[in-house]
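I opened my notebook today to get to know a new protein. Here is what I looked up, step by step.

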Amino acid sequence: MELYSPEAHEPLAGAPWDEERVRDAVAAIVADADGAYDGDALWPVADEWDAGGGRARLPLTRLYSGASGVAWALDALRRRGHAETRLDLPAVAARALEAWRADPDTPERLEPPVVTHASLYFGETGVLLVAWLLAPAADVADALHARVRENRANEANELMVGAPGTMVAARAMLEWTGEERWAEAWRESAEELWRRRYWDGFWTYPPYGKSPGASHGIGTNTGILLAGGDLLPQERHDELRRGTAEALARTAVVENGRANWPMAVEDCGQLVAWDGRIRLQWCHGGAGVVASAAPYLEEELLLAGAELVWEAGPPSMEKGPGICHGTAGSGYALLKVFERTGDELWLERARRFAMHALGQVERWRAQRGRGRYSLWTGDLGAALYAADCLAGRAQIPIVDALA
C-alpha cells in the first residue's frame, strides 16, 4: 500500500548543513522582503494560492499570507538575532490594520467551511494581534478582546479560523498583560471547545469531518488546550494527552515501520484524497500529526510517522518551501522528534530539510523574479524554520511561539 504520493515530493538536495550559508540566506530573505515593501500596497502577491485563488481582495493584510504575517516574521527574526529589517514594523502593522478596516481582504463565509472576520489567520484577530505586539495600545487590545470573544462559538473547531486560533491570541495577551479578562476569554472558548469534543477524541471541522492533520486537527486543538496550563483543569490535561494519543493510534495507517494519516478519519484508512494524491505535509497528513502531537504520541508511532516524512523527502516546488504544505512544515516534524527524543539524527535530518527549503526559496525567486512574501506559505516561514534549525529549537511560529 502506498503511504504517500511520490510525485508530490522531490529528491532531497545534496547540500550539507552550512551555518554560514543559512544565516546568509535568512538575511537575503529579510532584505528581499524589505525591498519589496510598498507603503500603500504592502507586499506584492507572488502566488495565486496566497490570495485564495483570486478570491481575496488586495492588499493582503492577513496573518496567514499577508502583511501582518510578514511583519510578525520580520520582528521574530530580528528579536532572535538572525537578521535586521530596515522597515518600521509598527508602521507596517498599523498600515495593515488600516487597510483591513477599510476593506477586509478575506470575505466572510457563514456556511461551512466558515470563515469569519474574527479568525486568527484570515480575519482581524491576527492583524490586531500583530499591531498590538509591535505597538501596544489600549484601543487595539479592546478590539482584539472583542474579536476573541466573538469567535468563541465558531463552528470550525480548528486553528485557522476557529476558536482554537483565537485562544492562541488570548493566551498570549494574558502572558503579556496579566489582565484577567484574557483568562476569562480563553476559558469561555475552551469550555465550548471541550463541549464539542467527541467521545473518540476528535472534533468535527464542517463540512470536512474529523481531521488528524495539524491545521484543522486534533493534535493542534489538544496542544492549544494543554498550553493553557492552569487555565485548564488538570483532569482535562490527562484526558487530552491520553485520549488524543489513542485516537491518533487508532486512525494511523502503518506499514513496514512507516505511518501516515488520512485527511479525514471518516475515510476509514483511505489515504488517497479527492485529487488522487496522498497528503504528507503539515496541514494534512503525517507531518502535521507528528509535529502537533510529538509530546505525547506513542514513540514507536511517532518515529514511524517521522521516518515516512524523511523517506518521502521534501514537498515539491509546487508546494514550495513554506510551513503550511511545504518543506518547512514537513521539516518541523523532524525537529519535533529531535526535541522529544534528543537523538541528533533527527536534528541532522531537520537541517537537511532546511537547506533544501532555502534552495527552493532561491529557485522560486529566480523563476518569479521576486520572493513569496508570506509567513505561512512562503519565504518567511522557511526563514523561521531554518533559524530554528540553527538553534535546535522546535517551536512552530504562532502555534507554539508568538514571542
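These entries go from the whole chain down to one residue.

**Entry 1: the fold.** I noted before anything else that this is a predicted model. I then looked up the secondary structure and found 14 helices and 4 strands in the protein chain.

**Entry 2: the dimensions.** I checked the extent of the C-alpha trace, and along its principal axes it spans about 55 × 50 × 35 Å. Next I asked myself how the radius of gyration of the protein chain fits a compact globule. A compact globule of 403 residues would have a value near 22 Å, and the protein chain has 20 Å, so the two agree.

**Entry 3: contacts along the chain.** I took the contacts between residues at least 6 apart in sequence, and 70% of them join residues at least 24 apart.

**Entry 4: charges.** I found 41 positive and 59 negative side chains in the protein chain. The centres of these two sets lie 1 Å apart.

**Entry 5: a visit to E192.** I located E192 in helix α7, which covers residues 180-195. Is E192 buried or exposed? Its relative accessibility is 19%, and buried means under 20%, so E192 counts as buried. Which residues does E192 touch, leaving aside neighbours within four places in sequence? I wrote down R152 and A153 as its contacts.

Definitions and conventions: Residues are numbered from 1 along each chain as its sequence is written. This is a predicted model: local features need pLDDT of at least 70, side-chain atom pairs count only at pLDDT 80 or more; totals for chains, interfaces and linings use all residues. Side-chain values use heavy atoms; hydrogens and water are left out. Helices (H or I, at least four residues) and strands (E, at least two) are DSSP runs, numbered from the N terminus. The radius of gyration is taken over C-alpha atoms; the globule rule is 2.2 Å times the number of residues to the power 0.38. Contact means heavy atoms within 4.5 Å. Lys and Arg count as positive and Asp and Glu as negative; His and the chain ends are not counted. The place of a charge is taken as NZ of Lys, CZ of Arg, CG of Asp or CD of Glu. Buried means under 20% relative accessible area, exposed over 50%, partly exposed in between (1.4 Å probe, protein chains only).
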